[in-house]
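Trainee: Hi, could you walk me through this one? I've just opened it.

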Amino acid sequence: MARSDEMLSALQAGATIPGVMGVGPGRTWDAIAAANVPALTGDSVTFTVLGDGTLIVNEDIPDGSLSALADALEETVTPPYRAAAARNEGDMWTAVAESVQIVQLPGVEADEIDLTVVDGERTLTLGDETTIRPLPALDALAEEHESVALHAERVDGDFFAVDVFPL
């Protein structure tokens with residue numbers, strides 16, 4: 001979840017959340033929320049919520065402890081989304097979220113995938129390997145744009161969060 005780690009670093013540093021952390025324009029999020037979460041342990045957490053509401057977190061936290069944060073975020077953003085949260089004081093937490101697309105890519109070994117299509121030329125990188133292998137779920141997303149860059153990161157099992165950057 002490298003992208004979530006970047007979100008968490010920005011959140012912990014109070015980076016560029018306009019109107020919230022007292023800094024100017026910069027990175028914007030699809031949602032920001034605060035919630036009282038007494039059951040949540042640690043000082044930070046990243047998680048992904050799938051379209052069906054399934055919450056995926058890689059850290060070891062108590063079951064159900066993220067519900068209040070997810071509920072607060074979902075007042076502004078609908079799943080699927082990727083989120084990062086940091087403890088403020090006591091049991092108060094602040095979280096940011098950004099919408100993502102989720103695709104299933106069975107049989108993919110790599111945890112990160114990059115696909116670009118520019119002027120009809122397709123380049124696919126699975127981890128460190130460049131290949132011409134078709135990936136129908138990603139190819140379908142790419143076909144929605146004339147030129148595009150896609151970056152996908154494994155969320156869990158065959159599920160990948162995909163960022164789409166039209167060029």
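Predicted model: local features only at pLDDT ≥ 70, side-chain atom pairs only at ≥ 80, totals over all residues.

Trainee: In what order do the strands of the open sheet sit?

Mentor: The open sheet has 5 strands in the order S1-S5-S4-S2-S3, with antiparallel pairing. Strands are DSSP runs of E with at least two residues, helices are runs of H or I with at least four, and both are numbered from the N terminus. Two strands pair if DSSP finds at least two bridges between them.

Trainee: And which strands are at the edges?

Mentor: S1 and S3 (55–57), each of which pairs on one side only.

Trainee: How many bridges join S5 to S4, and how many to S1?

Mentor: S4 and S5 are joined by 7 bridges, and S1 and S5 by 6. Across from Ala83 you'll find Ala97 of S5, and Ala84 has Val96 as its bridge partner in that strand.

Trainee: What lies between S4 and S5?

Mentor: The two strands form a hairpin with 4 residues between them, and Gly90 in the turn has a positive phi of about 60°.

Trainee: Is S5 mostly covered or mostly open?

Mentor: Mostly covered, as 6 of its 8 residues are buried. Buried means under 20% relative accessible area, exposed means over 50%, and partly exposed is in between, using a 1.4 Å probe and protein chains only.

Trainee: Switching to the inside: which residues touch the most others in the largest nonpolar core?

Mentor: Leu40, Phe47, Leu69, Leu73 and Tyr81, out of 21 residues in that core. The elements giving two or more residues to it are S1 (31–36), S2 (44–49), H2 (67–73), S4 (81–87) and S5 (92–99). H2 gives the most, with 4 residues. A nonpolar core here is a set of buried Ala, Val, Leu, Ile, Met, Phe, Trp, Tyr and Cys residues joined through side-chain atoms within 4.5 Å.

Trainee: What is Leu40 in contact with?

Mentor: Leaving aside neighbours within four places in sequence, Leu40 is in contact with Val45, Ile61, Ser65, Leu66, Leu69, Arg87 and Trp93. Contact means heavy atoms within 4.5 Å.

Trainee: Ser65 is on that list. Where is Ser65 found, and is it buried or exposed?

Mentor: Ser65 is in the loop between S3 and H2, and it counts as buried because its relative accessibility is 3%. Besides Leu40, Ser65 touches Val37 and Ala39, not counting residues up to four places away in sequence. The Ser65 side chain reaches the backbone oxygen of Pro62 at 2.7 Å.

Trainee: And the other serine, Ser147: where is it?

Mentor: Ser147 is in the loop between H3 (136–142) and S10 (148–156). Ser147 is buried too, with a relative accessible area of 14%. Beyond neighbours within four places in sequence, its contacts are Val117, Val118, Asp119, Pro166 and Leu167.

Notes. Residues numbered from 1 in each chain as written. Heavy atoms only, no water. Polar contact = N/O pair within 3.5 Å; in protein donor to acceptor, adjacent residues only side chain to side chain.
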